[in-house]
Amino acid sequence: IVYFIIPNIKRLIDFASRNKITIISSVDAHTPDDPEFKDFPPHCVINTPGSNKIEGTLTNNNLFITDTEQPYSKNTLKGAQIIIPKNTIDIFHNKNISKIVKLLGINNFVVFGVATEYCVKTAVIGLLQLGCAVFLIEDAIKAVKKQNGIDAIAEMKTRGTQVAMTEQMLKEISCKYSINQSFRYKRLKP
């Protein structure tokens, strides 16, 4: 189902990890009787293989930030893979994510993963609401239903999201990153 996007996801994760670019990831973490299963089939149940990150998408420098108060600092988070367990489609239901984004002072986000019309869309909207620039990687996302994914991408673009392909984004980041060691963008080149 999603296997064709995994190589692009791995390329993006590997690049960020090699260059010590902070990665914010989510992982679904549902209980066996999770209320979400009224709307979606059971998936990613805690302590089952389905709740693990996909092989190759977990870095050696990772930090799980649950929905409880936790001590963390900018230095602890910078360059790490921050993993946010969640039991809804919206990563921003974790009360720490907005604090983390603000603490890090990151203004530009590259977003990819599944499912386009659910988790990806809510992450993009949450980041846009925080005033961040968002770059959606079209060949590293997958929708549950094709038309819903197309509609979600159109909505995200209407809200200000820029859409790119993996290769294009990696070239843009490599160019910008090698010049000034920062991750700042004005506008993607077509």
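Buried means under 20% relative accessible area, exposed over 50% and partly exposed in between, with a 1.4 Å probe and protein chains only. Keep that in mind for the tour.

This is a predicted model: local features need pLDDT of at least 70, side-chain atom pairs count only at pLDDT 80 or more, and totals for chains, interfaces and linings use all residues. Residues are numbered from 1 along each chain as its sequence is written, and side-chain values use heavy atoms, leaving out hydrogens and water.

**Stop 1: F109**

Select F109. Its place is in strand β4, residues 108–114. Helices (H or I, at least four residues) and strands (E, at least two) are DSSP runs, numbered from the N terminus. Is F109 buried or exposed? F109 is buried, because its relative accessible area is 10%.

Now show its contacts, meaning heavy atoms within 4.5 Å. Leaving aside neighbours within four places in sequence, F109 touches I24, V101, L127, C132, A133, V134 and F135. Pick A133 from that list. F109 and A133 lie 24 residues apart in sequence, with C-alphas 6.2 Å apart in space.

**Stop 2: the cores**

Move to L127. Setting aside neighbours within four places in sequence, its contacts are F92, V101, F109, V111, C132 and V134.

A nonpolar core is a set of buried Ala, Val, Leu, Ile, Met, Phe, Trp, Tyr and Cys residues joined through side-chain atoms within 4.5 Å. The largest one here has 25 residues. Select I100, V111, V124, L127 and L136: they have the most contacts inside it. Color β3, α3 (97–104), β4, α4 (116–129), β5 (133–142) and α5 (146–158); each supplies at least two residues of this core. The largest share, five residues, comes from α4. A second, separate core has 15 residues, including I5, F15, I21 and A140.

**Stop 3: strand β3**

Select residues 81–86, strand β3. Five of its six residues are buried. Strands pair if DSSP finds at least two bridges between them. Strand β1 (residues 23–28) runs parallel to β3, joined by six bridges. Find D28 opposite K86 of β3. Strand β2 (residues 62–64) also pairs with β3 in the parallel sense, over three bridges. There, L63 stands opposite I82.

**Stop 4: helix α5**

Which residues of α5 are buried? Select G149, A152, I153 and M156. They are on the same side of α5, because they cover an arc of only 100° around the axis, taken from the directions from the helix axis to the C-beta atoms. What covers them includes α4, β5 and β6 (162–164).

G160 takes a positive phi of about 115°.
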